[in-house]
Structure formats: structure tokens, C-alpha cells
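I opened this notebook to record what I looked up in the structure, entry by entry. The entries are brief and keep to what I could read from the model.

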Amino acid sequence: MIELNVNGKQHKVDVEPDTPLLWALRDALQLTGTKYGCGEGLCGACTVFVDGVPQRSCTVPVSAVGGRRITTIEAVDADRVGMAVQEAWRKLDVVQCGYCQSGQIMNAVALLSHNRKPSDADIDTAMSGNLCRCATYVRVRAAIHEAARALGERHV
Amino acid sequence: MSEHLIENLSRRQFLEVGAGLTLGFCLPELADAAAGPGKAGDGVIGTVNFEPNAFLRISPDNTVTVISKHLEMGQGTYTGLATILADELDADWYTVRVEGAPADAKRYNNLFWGPAQGTGGSTAMANSWEQMRQAGAAGRAMLVSAAAKKWHVAATEIAVRDGLVTHAKSGHKATFGQLAAAAAAEPVPTEVKLKDPKDFRLIGKQARRKDSAAKTNGRAQFTQDVHLPEMLVAMVAHPPRFGATVKSFDAGRAMAVKGVVDVVRIPQGVAVLAKDTWSAKKGRDALVVKWEEGAAFKLGSDEILARYKELAKTPGMVAKQTGEPDQAFAQAAKVISAGYDFPYLAHAAMEPMNCVVQLGVDGCEVWNGEQLHTGDQHAVARVFGLKPEQVNIHMLYAGGSFGRRACKDSDYVLEAAQIVKASRAKVPVKLVWLREDDMRAGYYRPLFHHALEAAVDADGKLVGWRHRLVGQSIMVGSPFEKAMIKDGVDMVSVEGAANLPYAIPNLTVDLHTPKDIPVPVLWWRSVGSSHTAFSTETFFDEVAAAMGKDPVALRLELLAGHPRHAAVLKLAAEKAGWGKPLKPGRNGERRGRGVAVHESFNSYVAQVAEVSVKPDGAIKVDRVVCAVDCGVAINPDNIRSQVEGAVGFGLSAFLHGEITLTEGRVDQGNFDGYPILRIDEMPVVEVHIVPSTVAPSGIGEPGVPPVAPAVANAVAAATGRRLRRQPFRSADLAA
């Protein structure tokens with residue numbers, strides 16, 4: 001049994017210690033918003049936060065994250081940046097197939113958490129590890145700007 | 001699909017369906033009581049749930065459920081179908097939801113595909129347009145007549161808007177939910193009046209996507225997300241080469257992995273069944289399999305291409321001939337020629353293929369991002385000796401497909417069924433393919449070689465065109481073989497080439513279809529046009545340059561008989577500022593602008609690309625301006641979204657896409673070997689829609705074909721170098 005703190009709750013999961021966090025979340029906890037795309041940290045679909053830092057959950061064994069705070073897409077709206085990103089994504093209808101979008105949103109939240117007014121170049125750099133086969137990138141860029149704008153307004 | 005097939009089938013099918021329109025509201029036992037005075041009248045919410053009939057269900061809580069017969073794989077079909085129906089129904093868009101239809105070809109066939117249910121060929125909107133309008137209008141008519149009876153007023157005096165039925169004179173009003181039970185008792189109208197397009201309130205306006213919420217909070221259900229009690233996860237060790245089979249295997253070490261419960265041999269390889277995904281993977285890693293590779297395919301893709309180039313020296317089967325091409329070339333003042341190479345391409349949807357199957361006592365349940373319902377239903381039925389209607393398919397969201405989930409051989413669906421059969425599992429089994437399984441399984445866009453020649457006469461006129469194609473047939477062995485292979489020519493191999501729109505008096509298009517290459521091939525977003533648009537549109541550009549003509553002007557000159565091509569071309573050129581100088585590049589970058597226009601699936605798209613070519617030969621695509629004519633724009637924002645994505649998808653292939661084989665083994669396995677476009681490579685994209693009153697055609701695919709030739713033509717404008725292979729090589733463009 002390994003103890004995991006996911007989205008503010010303690011869980012005991014019965015998986016082998018080498019199990020990637022991705023499969024523990026999906027199979028043991030049935031938090032299926034976090035997606036499998038490559039298993040090699042190449043596509044970003046499995047991005048979650050570990051202690052607030054975006055990580056590729058397909059390459060992180062559960063044994064390495066016991067006792068650390070894990071946040072998944074299912075709880076991203078608990079945070080005001082997360083909520084703003086989610087709202088911007090909906091406002092601009094960014095999604096197509098939607099499979100990579102949990103990872104896109106997690107990474108966008110990470111970007112906006114430390115850079116409240118990213119340029120196109122900042123976005124391209126921060127988001128280039130998140131593949132989207134539908135190529136929703138035009139709207140990913142626009143939605144990040146939109147979320148930044150909304151967050152800025154709320155500050156005032 | 002060819003134009004002819006679409007037209008013929010659509011007309012016939014539409015009439016049949018129109019005559020037998022069965023839409024209506026089912027009448028459960030309590031409906032009468034609920035519809036009684038004071039029960040479902042003004043301001044009172046009923047308690048009766050109505051079961052769906054074909055495409056529409058209205059609940060007492062005012063929820064309008066549209067039943068989609070087509071798969072939502074990202075292309076916006078759920079939203080598009082709902083937009084059409086909801087407009088004719090005059091529903092409140094915010095109360096509309098969409099549900100996937102079951103597999104039932106009697107009710108849910110694709111009207112362009114005869115008696116088969118499925119999604120593909122950019123047909124979802126086109127085949128459903130009249131059907132969904134009729135379904136919505138019939139629903140509206142029944143609500144209106146129910147209200148007229150209830151209020152003792154004339155139906156013609158009743159108005160419907162945003163889910164509210166009103167009678168102005170008397171002040172009566174009711175929501176759809178309040179009228180649903182009474183509407184159920186109304187006869188289904190045999191004929192309905194459709195709206196005048198000027199009265200559309202959703203079609204052509206912005207109706208927001210219905211799947212945005214679920215796809216931004218992690219709750220959207222893909223096949224990968226299916227969890228059922230006692231479900232097992234299966235992974236399969238597949239042969240390393242096409243045509244190889246299992247010689248022997250040792251399951252000992254695999255069975256010793258914690259969580260592994262069974263190892264079984266199936267026709268496709270050896271399957272490991274485990275309690276969870278990671279255990280299944282570890283079990284498969286521990287499996288020892290010896291393969292019988294004697295009869296397996298052992299050529300490399302370079303050798304396949306070399307063979308194709310040899311074949312291209314000899315005449316193929318004639319797909320199209322007009323005038324006297326031989327004479328035109330014999331008398332030509334100038335002949336221009338070029339050869340083009342296209343690799344195998346993987347679809348590489350973000351969700352690798354997967355499928356859940358559970359065999360029950362009197363049937364079978366399948367959960368799948370289902371794209372070819374009828375084919376898969378029959379295939380699974382054969383495995384278990386069931387009738388097709390005993391196979392119940394739950395259509396879930398697909399995490400992309402681009403054609404892959406419409407496998408003509410039902411490959412991965414059959415694999416899941418074979419595992420259940422071999423293991424005699426009574427519990428649900430989820431087949432999971434890892435990225436490598438998905439990328440190495442074949443069913444690629446076929447490798448092609450094209451050879452083109454153009455003849456210019458002494459007056460400087462383009463008088464001759466020869467186009468020879470060499471590549472495997474997709475349609476052989478598919479349900480569409482009969483319709484699509486004419487006199488030995490697979491019309492899909494030459495689509496976009498045999499129907500070249502330019503007025504060239506002497507033209508021949510011929511085709512070699514090698515039958516000794518067993519690499520499985522499949523339709524890949526835009527199918528034949530994924531290669532023919534590139535060869536025809538870059539070669540045309542090269543010919544224009546050789547003739548000293550402006551590429552847009554020469555196209556327009558030869559498109560006089562094709563006004564829809566000409567209109568999108570003009571619009572794209574105008575919006576892109578064609579002819580105006582580009583800002584010069586910095587740091588030694590060479591800049592250029594290029595154009596391409598192409599029709600596919602009855603939709604017309606022109607694109608103008610602006611590029612910067614770096615000194616090392618790398619290409620940066622800065623901006624792509626698109627003009628689109630897909631008939632009535634049902635959902636303009638979705639059209640823009642699809643074309644933006646199509647630009648990225650086409651660029652991905654042009655910049656990076658290539659599946660290669662070495663001695664029959666697929667070299668690539670994951671996104672390191674088969675890169676797909678990243679956000680930092682994505683250009684600015686502008687999409688302009690040509691207003692139209694023509695019945696809608698598709699938009700899932702038609703944005704793909706023009707982008708690669710537009711970019712290659714821009715590169716030629718910038719560097720003077722012609723790119724004749726996909727993907728491009730930066731070494732060919734180094735300063």
C-alpha cells in the first residue's frame with residue numbers, strides 16, 4: 001500500500017512501487033482525466049502537479065510521490081488561475097477531440113501561475129511539450145491570453 | 001468518396017428515409033395522466049420521461065437531447081448535428097445536449113453509404129443535413145399542434161422561439177418540457193415545412209461546442225477511461241513484421257508478474273490479461289515469444305519506393321484521358337517534368353487504439369470510439385457466432401482518429417473480441433495499445449510516387465498534362481471496393497488528380513496499384529488528396545513559373561469552368577495581400593508567399609502561406625490565410641476551428657511525417673521518431689468563409705490538402721528551390 005495525497009485527499013493505493021503515477025491515478029483512483037499518450041514523457045497528455053510543479057505522470061513512479069501534494073485536472077478549478085484557464089478554454093471552444101486538453105490546461109495553469117502576462121513566444125516555449133494532434137494551437141495561444149486578461153481584470 | 005457515389009446514394013437514400021420518417025415521441029403509460037389538465041399545463045412541470053425515437057428526445061425538465069448517429073472525434077459533429085436539429089426545432093441552445101446513437105444501421109445509417117452506419121469522408125453534415133432538419137421540424141410541428149389543441153387556438157397563430165411555445169393573442173405559453181407529453185400523442189407529420197434560411201437562428205451563427213465543458217474538466221469519457229466491475233486489461237505482443245505469426249511462446253515469466261491473470265494466443269499474437277494496465281504491460285514485457293517470419297514481408301520502404309519509381313516508367317491503368325496527350329507532347333515547345341515521393345504516414349491519434357468487449361449470455365457489449373459501426377458489429381458477431389444485432393456498441397468520444405478508427409478490417413476491435421473468445425473471459429476486457437503498438441500496427445496512408453509532365457506549346461499555352469501515380473489501393477478489401485474501384489482503378493488513389501480542375505485540353509492520368517506489398521493501408525485525413533494536392537499544385541506552380549505567369553493569375557485563367565475553386569482562390573489571395581511585397585526576413589531568412597487551391601469531399605479550400613526559410617534550411621511557416629466554401633456554413637466557428645487544425649495536421653506531415661520500414665520492420669514507435677507539429681511551429685491562421693446557399697459539404701478533411709503545396713510554393717518563391725518529397729529535408733534548402 002502506498003499513500004497518495006491527491007486533490008487534497010489522502011488515498012491508500014494497492015499498486016507496485018514502480019507503477020507510474022499515471023496508472024495509479026487512472027486505474028486505482030479512477031481519476032481518468034489525466035491521459036496516457038506516449039508513456040515516455042514526450043507528449044504532455046499526462047501532466048499533473050506535484051507540489052505545484054507540472055510533472056509527466058507517466059514517468060514518475062508512485063514510490064517517488066508518496067506524501068507529496070498531487071493535483072489533477074479534476075481539481076484544477078479549485079485554484080483561481082485554473083478556473084480562469086478553464087473558462088477561457090470554454091469561451092474560445094479550444095477543444096477538438098479533447099484527449100490532450102487536460103495536459104494542455106495543466107501546463108497553461110503552470111505558465112500563468114508564474115507569468116501573468118505571457119507573450120506568444122513565452123506561450124510557445126512553455127507549451128511546446130504538449131502535443132495536440134488536432135493542432136488546436138491557435139486557440140491554445142488565444143485562450144492563454146484570454147485567461148491572462150481575465151486574471152488581470154480580477155486583480156484590479 | 002467520389003462525387004458520383006455521394007450524389008447517387010444521397011438522393012435515393014434521402015427519399016427512402018424521407019418517406020418513412022419515424023420521428024416521434026414515445027408514449028409511456030403515464031403520459032396521458034401527466035398531460036391532463038393542471039398536470040402539464042402552463043407553469044407545471046411534468047414527471048414523465050420520454051424514450052427516444054430516432055434523433056430527438058425532450059424531457060419534462062426541458063432538456064432537448066439530440067441523438068448523434070456520427071462519432072465525435074474532434075471534428076465538431078455532435079455540435080453541428082445539434083445545431084441543425086435545434087434550429088428547426090427552435091430550441092433553446094443551452095438546453096440542448098447530445099448523445100451517441102447505438103449501432104443500428106436501420107435507423108442510423110450514413111445516407112451516403114447505403115445500408116451502413118459510420119462516420120468518414122467528411123460526410124456527417126452533408127448526409128445529415130436534410131435528415132436533421134426534418135427531425136427538428138417534425139418535433140416542432142408536433143409541439144405546436146399539441147399547444148394548439150390545449151389552448152384551443154389555431155396552430156398558425158403559435159410562435160416558437162428558444163424553447164418556448166407562445167400564443168400572443170391569448171397570452172398562453174409553455175416550455176417544450178411542459179408540452180412534451182401532449183406532443184407525444186400527436187400524429188407524426190408526413191410532411192414538414194422547413195425554415196426559410198433567412199429565419200435560421202443557430203445555423204450560420206455561433207453555436208458553442210457541446211463538448212467543451214466535459215473536455216476541460218477531465219470528465220469526458222473516452223474508451224481509455226472505461227472502468228467496469230472486474231474489468232481486465234489486455235495487452236498483446238504483436239509480430240515484429242507484417243505477415244509474421246506466433247511460432248511458440250512461454251508464458252511462465254509473464255504469469256509470475258503480480259496482477260497478471262491469463263496469457264492466451266490469438267490470431268493477432270499473444271495476449272496478456274491483467275487486473276490493471278501497468279501489470280498488463282509488465283506481463284507483456286516478460287513474455288517470451290518466438291515468431292515465424294518465413295512468409296513475413298521483409299522489404300524496406302526505400303526498396304518499395306525504388307520499385308515504384310521503376311513502375312512509373314511504364315504506363316499504368318488509365319484513370320482519365322481527354323484530348324490527344326501524346327500529340328500535344330510531341331508538338332510541345334517546352335516540356336516540364338518532375339517526380340514526387342510520399343511516405344507512409346501514421347494517424348497517430350493522441351488516444352491510441354483501444355476497445356472494451358464483454359460477452360454476455362445472449363449478446364456482446366462493445367465500448368469504442370466507434371467510427372464504422374456496421375462493419376465492426378458484423379466483425380465482432382462473426383467471432384462469437386452472434387447475430388450483428390446482438391452486438392451492442394456504446395459509441396464513446398474518440399481521442400482523435402483521422403480515419404484510423406474506421407478500420408476496414410476492424411483490426412483492433414477484432415483483436416479485443418479474439419482475446420475475450422480465447423480467454424473465455426466472462427468479465428469485461430479492455431484492450432490497450434501503447435503508443436508503439438499503435439504506430440507499428442500499419443493501416444498507414446499509403447506510400448506513393450507520382451510522375452508529372454506538362455507541355456507548353458509555341459504560343460505559350462499549357463496544352464498537355466500527364467500524371468502517373470504508383471501506390472497501394474486503400475479500397476481493396478474494404479466495404480467500398482465495389483463502389484470505388486472502376487475498371488481496376490481505385491478512384492481514391494487518383495482523387496484530386498483525375499479531376500484536376502484546370503482547363504488543359506490534353507490530359508492523361510494513369511495509375512499503378514502494386515498488389516505485392518502487404519503493408520496495411522487506410523484512409524488518412526483527406527485520403528487521396530493528402531498526396532495528389534501536393535503534386536498537382538506544386539507542379540502547376542512550377543509550370544506557371546516556367547511560363548513566366550503569376551501562379552494566381554494562371555490558375556484563375558484555367559479555372560473559368562470551376563467558379564467555386566476560383567472564388568476561394570480570389571478570396572484567399574485578396575485577404576493575404578497577394579502581389580504586395582512581404583516584409584523582408586531577418587538574420588538571413590529568405591521569405592516567400594505561395595498559394596494552393598484544392599477541392600476534396602465537395603468542399604473548396606484555397607490557402608496562401610507565408611514562410612521564412614532559415615540559412616540552415618529550416619522552414620518557419622509564419623501565416624496561412626484560408627478561404628473555404630463548404631456550402632451552407634452550419635457552424636462557422638467550428639469551420640474555422642477545423643481549418644486551423646487541418647493546417648496544423650497538414651504541416652505536421654510536410655515538416656516531419658514519415659513512417660519507414662527497414663527489412664520489413666517499422667522504424668518508428670513513438671513521438672521521438674515520428675514527431676508531430678508542436679505549438680512553436682504553428683503559424684497564425686486566418687479563415688475566411690465564402691457565403692453559400694448550396695447544401696453543406698464536409699469540413700473535417702478539406703482544410704488539409706492545400707497547406708503543404710502552399711508552403712512548398714512559398715518556399716520556392718523564397719529560395720527558387722522546388723520541394724518534391726514529403727517530408728521536406730532542410731538540407732535541400734540550406735543557403
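The entries below concern a predicted model.

**Entry 1. The interface of chains A and B**

I began with the contacts between the two chains. I found 44 residues of chain A in contact with 47 residues of chain B. I then looked up which elements of chain A give two or more residues to the side that touches chain B, and they are helix H1 (21-28), helix H2 (80-91), helix H3 (101-114), helix H4 (120-127) and helix H5 (137-155). Sorted by class, this side of chain A holds 21 nonpolar, 14 polar and 9 charged residues.

**Entry 2. A sheet in chain B**

I next turned to an open sheet of 4 strands in chain B, whose order is S23-S24-S25-S28 and whose pairing is mixed. Why does one side of strand S23 (590-600) and of strand S28 (684-689) lack a neighbour in the sheet? Both strands stand at the edges and each has a single partner strand, so one side of each is left without a neighbour. From one strand to the next, I note an average twist of 15°.

I followed one pair in detail. Strand S25 (residues 619-629) of chain B pairs with S28(B) in the parallel sense, over 6 bridges. Val628(B) has Ile689(B) of S28(B) opposite it.

Which helices lie across these strands? Helix H17 (residues 563-576) of chain B lies across S23, strand S24 (603-613), S25 and S28 of chain B, and runs at about 135° to S25(B). Helix H18 (residues 636-655) of chain B lies across S25 and S28 of chain B, at about 135° to S28(B).

**Entry 3. Gly118(B)**

I located Gly118(B) in the loop between helix H4 (105-108) and helix H5 (124-151) of chain B. Is Gly118(B) buried or exposed? I counted 27 other C-beta atoms within 10 Å, and a residue is buried at 20 or more, so Gly118(B) is buried. Beyond its neighbours within four places in sequence, the contacts of Gly118(B) include Asn110(B), Trp113(B), Gln371(B), His373(B) and Ala406(B). Gly118(B) and Ala406(B) are 288 residues apart in sequence, yet their C-alpha atoms are 7.8 Å apart in space.

**Entry 4. Helix H15 of chain B**

I checked the length of helix H15 (residues 529-546) of chain B. At 1.5 Å a residue, its 18 residues should span 26 Å, and the end C-alpha atoms are 25 Å apart, which agrees. H15(B) is mostly covered, with 16 of its 18 residues buried. Just after H15(B), I noted a positive phi of about 70° at Gly548(B).

**Entry 5. Backbone particulars in chain B**

- Phe402(B) is not a glycine, but its phi is positive, near 60°. It lies in the loop between strand S16 (391-395) and helix H12 (411-423) of chain B, and is buried, with 28 other C-beta atoms within 10 Å.
- Tyr443(B), also not a glycine, has a positive phi of about 60°. I placed Tyr443(B) in the loop between helix H13 (435-440) and strand S18 (448-456) of chain B; with 24 C-beta neighbours inside 10 Å, it counts as buried.
- Gln726(B) and Pro727(B) are joined by a cis peptide bond, with omega about -10°. Pro727(B) belongs to the segment after helix H19 (707-719) of chain B.

Key. Residues are numbered from 1 along each chain as its sequence is written. Chains are lettered from A and ligands numbered from 1 in the order in which they are written. This is a predicted model: local features need pLDDT of at least 70, side-chain atom pairs count only at pLDDT 80 or more; totals for chains, interfaces and linings use all residues. Two residues are in contact if their C-beta atoms, placed from the backbone, lie within 7 Å. Ala, Val, Leu, Ile, Met, Phe, Trp, Tyr, Cys and Pro count as nonpolar, Asp, Glu, Lys and Arg as charged, and the others, Gly among them, as polar. Two strands pair if DSSP finds at least two bridges between them. Axes are lines fitted to C-alpha atoms, for helices over the stretch in contact, and angles run from 0 to 180 degrees between N-to-C directions. A residue is buried if 20 or more other C-beta atoms lie within 10 Å of its own, exposed if 12 or fewer, and partly exposed in between; C-beta atoms are placed from the backbone. The expected span of a helix is 1.5 Å times one less than its number of residues.
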